[in-house]
Every structure is written in C-alpha cells, then in structure tokens.
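Notes go below as I look things up.

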Amino acid sequence: MKQTDIDLYYKTVMEAVELASKIVLEGFQGTKNVKTKTASWDLVTEYDRKTEELLIKTLSKAFPDHKFIGEETASKTKLTDEPTWIIDPIDGTTNFVHGIPYCCIAIGLAISREIVIGIVCNPALNQTFTAIRGRGAFLNGQPIHVSNAEELKNAVLAFEFSLAARPEVQEVFINRYRALVTKAQGMRSFGCAQMQLCQVASGLLDAYYVEFLAPWDVAAGSLIVTEAGGTVIDTDGGKFDCVKSRLVATGTKKLAEEIVEILRTVS
C-alpha cells in the first residue's frame with residue numbers, strides 16, 4: 001500500500017465528509033421524519049440514509065474497487081482484506097432526533113482488516129476528529145492526546161447505559177455497571193460511541209467501555225484513540241477486533257488492564 005494512495009483516500013473522504021456534514025446539520029436544525037428500526041431506542045431518519053448514500057456514492061465513484069460496510073444501506077457486507085469503508089452516517093441518532101449536539105458522521109477505512117483512516121465529524125459542534133495510522137490524531141487540525149490516568153479510582157469512565165434496554169444483555173450490563181461504578185471516580189454516558197472514543201482521545205474522558213455494537217460504531221474512533229497515544233483492546237484483554245465491536249479504550253495500558261480484570265469477574 002503506497003503512502004500516496006492513503007493521502008488520496010484521505011483527501012477524497014474529507015471532501016465527502018464536508019458535503020455530508022451539510023446534510024446532517026440541516027437535519028439537526030430542522031424537522032425530521034423518525035422511524036423505529038428494531039426497538040424504541042433504535043431510530044433512523046431520512047438524514048441517516050441521505051448521508052450514507054452520499055458518502056458511498058462519492059467514494060465508490062472515486063474508488064470503484066473499494067467495498068463498503070454501512071449501517072443503513074450496506075450492512076451485510078463482510079470485512080475482508082480488500083479496502084473497505086466502514087460508515088456510520090449518524091452515530092447517536094437518538095441524540096440527533098432530540099436535538100442533543102452529541103452525534104456525528106463516522107468513517108473508517110480498513111485495509112487488510114486494519115483501520116488506517118478514521119474520521120469523526122460532529123457538525124453541530126463544529127468538531128472534526130481525524131487520524132491516519134502512524135501520523136497522530138487531531139481535532140480540527142490540532143494534535144490531541146489521551147490522559148495519563150492509570151487507576152480507575154482517578155478516572156472518569158464512559159459506559160453505554162442505554163444498551164441495558166436490550167433484554168438479552170440487560171443483566172450483564174447492570175452487573176458490570178455495579179462492578180465499575182464502585183471503583184471509578186466518575187461514570188458518564190453520552191449515547192454516541194464514536195464521540196466518546198474521541199473524548200478519550202482528547203483526554204476529556206479517561207476510559208470508555210462498550211460491547212454489543214457494530215463495526216460502524218467503533219471503527220473510526222478506535223484508530224483516533226490509538227493515534228492519540230491511547231490503548232484499545234478487546235473486553236477479554238486480547239487484540240481489538242473491529243468486527244467483534246467490543247472494546248476497552250483508555251489513555252493508558254494499565255487502566256485498560258484494570259478494567260478488563262473487573263469485567264472478568266462479572267458475568
């Protein structure tokens with residue numbers, strides 16, 4: 001893979017995100033047609049679909065041999081070694097629907113199953129987080145870095161409380177919350193996985209734990225965390241796998257290991 005190829009991919013996707021952000025901002029500020037997908041907390045709007053269609057159309061025109069995994073229109077595609085764009089047109093749709101400015105466009109590019117480009121754009125807050133593997137992480141072009149907290153007692157941990165609405169995982173989520181909340185300095189939940197990963201990358205959050213999601217929920221943000229100097233591992237302590245979409249993301253390896261040890265005690 002040539003560096004010039006990566007530069008072209010990055011330039012093209014940034015141009016696409018700029019166009020897509022106008023759609024998302026229009027929807028955020030205006031009236032939305034909201035539909036329920038699998039449950040009351042699983043929402044979709046016409047802006048989710050418009051955004052994803054624009055991104056895929058733009059990128060597929062530029063790179064016709066590339067693959068796509070998208071939440072709304074291409075979710076059945078399997079991740080292979082081929083260049084694959086992993087797209088969440090609006091992460092945090094419930095926030096988007098309620099006018100909470102904690103929602104974003106998220107795009108990751110995987111090559112040989114490794115994320116090499118990550119972009120998370122929040123038009124409502126005028127924030128764009130970016131990373132290219134090996135080149136660091138940035139917010140609106142300025143370098144960002146993770147926090148140095150090494151112990152949970154000194155850390156603010158983000159935890160996706162709303163996932164406990166799913167009956168099949170409710171018990172394990174509640175048990176893990178109980179185990180973590182007694183040890184963390186603070187717990188937060190913002191309803192947008194990609195933005196919470198970017199807050200870890202920025203050092204505003206010390207850690208984020210989540211599972212039972214999809215690749216488009218974590219692909220871009222996971223790279224932004226590691227490029228900001230952080231640690232992203234599987235909840236079992238092994239290597240993070242975008243397809244499994246479960247992770248512990250932290251500023252330091254020691255903090256990640258402590259959280260994993262706590263998770264191992266809870267079923």
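**Ring notes**

I began with tyrosine 9: its relative accessibility is 12%, and buried means under 20%, so I put tyrosine 9 down as buried. I'm keeping in mind that this is a predicted model.

Next I ran a search for ring pairs over the whole structure, and 12 aromatic pairs came up. Tyrosine 9 is in one of them, with phenylalanine 63: the ring centres are 4.9 Å apart and the planes sit at 85°, so I wrote "edge-to-face". The cut-off I needed there was an angle over 60 degrees.

Where do tyrosine 9 and phenylalanine 63 lie? I found tyrosine 9 in helix H1 (residues 3-29), and phenylalanine 63 in the loop between helix H2 (46-62) and strand S3 (67-70). They are 54 residues apart in sequence, so this pair ties together separate parts of the chain.

Is phenylalanine 63 buried or exposed? I got 6% relative accessibility, so phenylalanine 63 counts as buried.

Phenylalanine 63 also pairs with tryptophan 85, and I logged that pair as stacked, at 6.5 Å centre to centre with 20° between the planes. Tryptophan 85 is in strand S4 (residues 84-91), 22 residues from phenylalanine 63, and I noted that the pair links distant parts of the chain. Tryptophan 85 is buried too, like phenylalanine 63.

Then I looked for rings that group together. I found a cluster linked by ring pairs: Phe159, Phe161, Phe173, Tyr177, Tyr209 and Phe212.

Last, I checked for a charge over a ring. I found lysine 50 over the face of tyrosine 47, at 5.1 Å from the ring centre.

Terms used. Residues numbered from 1 in each chain as written. Predicted model: local features only at pLDDT ≥ 70, side-chain atom pairs only at ≥ 80, totals over all residues. Heavy atoms only, no water. Phe/Tyr/Trp six-rings, centres within 6.5 Å; stacked < 30°, edge-to-face > 60°. Helix = DSSP H or I, 4+ residues; strand = E, 2+ residues; numbered from the N terminus. Buried < 20%, exposed > 50% of the residue type's maximum accessible area, 1.4 Å probe, protein only. Lys NZ or Arg CZ within 6 Å of the ring centre and 35° of its normal.
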